[in-house]
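Subject: Structure handover, with notes on its pockets and cavities

Hi,

Here is the structure I promised to pass on.

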Amino acid sequence: MDWRWRPEVTLPLALAVIAYAIGWARLAARSPARRRPALVARLASSLAGLVVLAVALLGLHDAAHERFLPHMTQHLLLMMVAVPLLLLADPLPAVLWALPVGARHRTGAWLTNGAPVRTAWRALTRLPVAWTLYALVLWLWHWPVAYDAALASGWLHDLEHLSFAAAAVVFWWPVIAPAPRVAAPAAPVARVVYLVLAAFSSSALGVLLAASPAPLYAYAGAPTGSPLEDQAWGGVLMWAVGGAIDMAAVLAVVARVVGAPRAAPVP
């Protein structure tokens, strides 16, 4: 893996690490001792997510411009590994504590009930809207014209990654439900159906790529092997690994429901 330390990516990642570390330290100092294990777990999840982002955007940058499989790996790491890890860290409290007091209050005002930002985010993260947006972004960027254009243009490739990350945040938000919780959690059955349908969508794209009788992309290639073989392995990655991650999320939702404490029956 040849790392490309692009400043437009490296600097925001470094600032994110510093801001989260400052906010986490301030939050931990004000939290009771019983909360420390949960805060440490959140710190580990956030750092893991940022490391995965760095691997996807810096470690795989050059390889993704030469081969289809590393490009699919980038997409998988961004949408199905890095973003869920960052949301599992419930980053908003730490981010708010990293801000100066005035900025913290102004940001908090945007998230109060009735604020336009909160209202818009509630609408955007409703299950049907989030699923549709996620599927559209995934499929449209794998349209051959869009895919080849992204690899031929640096700024368009970065826009592709930004849109993947944004769509993933919207998609995983109602499943993980980090702060701010702008709406009541969806029913477990609805979340399971939501994840299963997402698995079908990404798996269908993966099967289409793997089973195509001809290369779909001008940039699909490999130092050894044929462009068609490289494309097929990328499709298998999306189909098998992406589907496995979605099914793991389904099991996590089910396990949370099964393991939740039951209310005592009313006599």
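A word on residue classes before the notes: Ala, Val, Leu, Ile, Met, Phe, Trp, Tyr, Cys and Pro count as nonpolar, Asp, Glu, Lys and Arg as charged, and the others, Gly among them, as polar. The model is a predicted one, in which local features need pLDDT of at least 70 and side-chain atom pairs count only at pLDDT 80 or more, while totals for chains, interfaces and linings use all residues. Residues are numbered from 1 along each chain as its sequence is written, and side-chain values use heavy atoms, with hydrogens and water left out.

Pockets and cavities come from a 1 Å grid over the protein atoms alone: a cavity is a set of points where a 1.4 Å probe fits but cannot get out, a pocket is an open set with protein on both sides within 12 Å along at least five of seven lines, and lining residues have an atom within 4 Å of a point. Grid points are joined across faces, edges and corners, and a volume is the space filled by probe spheres set on the points. Helices are DSSP runs (H or I, at least four residues), numbered from the N terminus.

The largest pocket has a volume of about 990 Å³. Its lining has 33 residues, and the closest to the centre are Ala16, Leu50, Leu53, Leu86 and Val169. Two or more lining residues come from each of H1 (7-29), H2 (36-59), H4 (68-88), H5 (92-98), H7 (116-124) and H10 (154-176). H1 gives the largest share, seven residues. By class, the lining of this pocket has 27 nonpolar, two polar and four charged residues.

The second largest pocket has a volume of about 250 Å³. Of its 14 lining residues, Leu88, Trp172, Ile176, Ala249 and Ala252 are the closest to its centre. H4, H10 and H12 (227-259) each supply at least two residues of that lining, which divides into 12 nonpolar, no polar and two charged.

Cavities

The count comes to two cavities of 30 Å³ or more.

H1 supplies the largest share of the lining, three residues, and the classes here are seven nonpolar, no polar and two charged.

A helix pair

The axes of H8 (residues 127-141) and H11 (residues 188-211) come within 11 Å and cross at roughly 10°. Axes here are lines fitted to C-alpha atoms over the stretch in contact, and angles run from 0 to 180 degrees between N-to-C directions. H8 and H11 are therefore roughly parallel to each other (angles under 35 degrees count as such). Contact means heavy atoms within 4.5 Å; among the residues that make it are Leu127, Trp131 and Leu138 of H8 and Tyr194, Leu197 and Ser202 of H11. By class, this contact has 13 nonpolar, two polar and one charged residues.

Enjoy looking through the model!

Best wishes

Technical notes: Parallel < 35°, antiparallel > 145°, perpendicular 65-115°, else oblique.
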